[in-house]
Amino acid sequence: MPYKIERMRLEDVPEVVAVDRRCFSTPWPADAYRREVTHPERNLYIVLRRIGEGPLTQPDPKGGGFLTNILPFLKEGEAPNTEPIVGYAGLWIVNDEAHVTTIAVLPEVRRQGLGELLLLTLMEHARAKGAQWVTLEARVSNTGAHALYRKYTFKDAGYRRRYYSDDGEDALVMWSDRVDTLEFARKLEELRSQLQARLDGSLLGVSV
Ligand SMILES: CC(C)(COP(=O)(O)OP(=O)(O)OC[C@H]1O[C@@H](n2cnc3c(N)ncnc32)[C@H](O)[C@@H]1OP(=O)(O)O)[C@@H](O)C(=O)NCCC(=O)NCCS
């Protein structure tokens with residue numbers, strides 16, 4: 001199945017919120033995404049679209065506010081959305097540090113390299129924007145996500161106790177190796193070519 005990655009736009013927010021609700025126990029409110037996408041100078045928010053099939057999830061009507069009335073994919077009788085969002089990710093950049101704020105892929109399309117593709121796109125952007133390191137937090141129980149991050153050089157750096165408001169779980173704080181080095185550039189290149197081989201031509205493009 002072909003996929004493409006694009007910058008998240010304001011009109012994507014209801015669909016992103018719907019994906020978020022299926023991926024996290026403490027999803028972000030739509031306003032948080034709206035705030036982020038209106039400040040592209042200090043962050044990168046991206047969506048992963050699957051081309052050529054109907055939606056895997058319904059846009060969240062509450063997530064859209066007034067926008068829900070004007071979005072084509074919500075109007076009765078219109079053609080179905082043939083490029084549904086199946087994943088998304090976000091990165092903040094503050095001086096020489098970048099922070100992965102969120103990353104998610106719908107359960108139906110996990111373990112195919114798509115989460116990795118989102119992370120790779122964020123890491124390449126962090127480098128392009130002059131960041132020296134990338135950091136993130138993950139639930140201590142989220143060992144699948146830790147494995148993905150370790151593949152991209154992230155290492156455990158400490159804990160934030162009772163970080164998650166729903167159940168009080170601790171967060172593991174992870175930091176990457178320095179990303180502004182030739183060595184890291186080579187590592188990303190190698191990971192990208194392995195991932196492209198794995199995705200086997202199904203990546204149609206990345207435009208961020
Ligand atoms: C974390 C997440 C984005 C990974 O997406 P994905 O598309 O399934 O990941 P990929 O297929 O790209 O995995 C790439 C590599 O990461 C590691 N990995 C990913 N998920 C894993 C899992 N559940 N168990 C073990 N390793 C895993 C593996 O090394 C994997 O490579 P492999 O498939 O060759 O073994 C996805 O599981 C998700 O959306 N989870 C819910 C939201 C979430 O927890 N986000 C992270 C918040 S910190």
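1. Start with Thr 153, which sits in the loop between α5 and β6 (155-160). Helices here are DSSP runs of H or I with at least four residues, strands are runs of E with at least two, and both are numbered from the N terminus. Is Thr 153 buried or exposed? Thr 153 is buried, because 20 other C-beta atoms lie within 10 Å; the cut-offs are 20 or more for buried, 12 or fewer for exposed, and partly exposed in between, with C-beta atoms placed from the backbone. Its phi is near 75°, a positive value in a residue other than glycine. Most residues other than glycine have a negative phi.

2. A quick word on what you're looking at. This is a predicted model, where local features need pLDDT of at least 70 and side-chain atom pairs count only at pLDDT 80 or more, while totals for chains, interfaces and linings use all residues. Residues are numbered from 1 along each chain as its sequence is written.

3. Arg 111 also has a positive phi, near 60°, and is not a glycine. You'll find Arg 111 in the loop between β4 and α4. Arg 111 counts as exposed, because it has 10 C-beta neighbours inside 10 Å.

4. Now zoom out. The protein chain has 6 helices and 8 strands, and along the sequence they run β-α-α-β-α-β-β-α-β-α-β-β-α-β. Of its 208 residues, 30% count as buried. Take the contacts between residues at least 6 apart in sequence: 72% of them join residues at least 24 apart. A contact means that two C-beta atoms, placed from the backbone, lie within 7 Å.

5. Have a look around the ligand. Its shell holds 19 residues, and the closest are Arg 110, Gly 115, Glu 116, Gly 144 and Leu 148 (near means a C-beta atom, placed from the backbone, within 6 Å). The elements giving two or more residues to this shell are β4 (97-105), α4 (114-128) and α5 (143-151). Which element gives the largest share? That is α5, with 5 residues. By class, the shell has 10 nonpolar, 5 polar and 4 charged residues; Ala, Val, Leu, Ile, Met, Phe, Trp, Tyr, Cys and Pro count as nonpolar, Asp, Glu, Lys and Arg as charged, and the others, Gly among them, as polar.

6. Next, α4 and α6 (residues 182-199). Their axes come within 11 Å and cross at roughly 150°; axes are lines fitted to C-alpha atoms over the stretch in contact, and angles run from 0 to 180 degrees between N-to-C directions. That makes α4 roughly antiparallel to α6 (over 145 degrees; under 35 is roughly parallel, 65 to 115 roughly perpendicular, and the rest oblique). In α4, the contact uses Glu 116, Leu 117, Leu 120, Met 123, Glu 124 and Arg 127, which meet Ala 185, Leu 188, Leu 191, Arg 192 and Leu 195 in α6. These residues divide into 7 nonpolar, no polar and 4 charged.

7. Compare α1 (residues 13-23) and α2 (residues 30-37): they pack at about 130°, with axes 10 Å apart, and are therefore oblique to each other. Val 13, Pro 14, Val 16 and Val 17 of α1 make the contact with Ala 30, Tyr 33 and Arg 34 of α2. By class, this contact has 6 nonpolar, no polar and 1 charged residues.

8. Last one: Glu 41, in the loop between α2 and β2 (43-50). Glu 41 is exposed, with 5 other C-beta atoms within 10 Å. The C-alpha atoms of Glu 41 and Ile 93 are 8.9 Å apart, although these residues are 52 residues apart along the chain.
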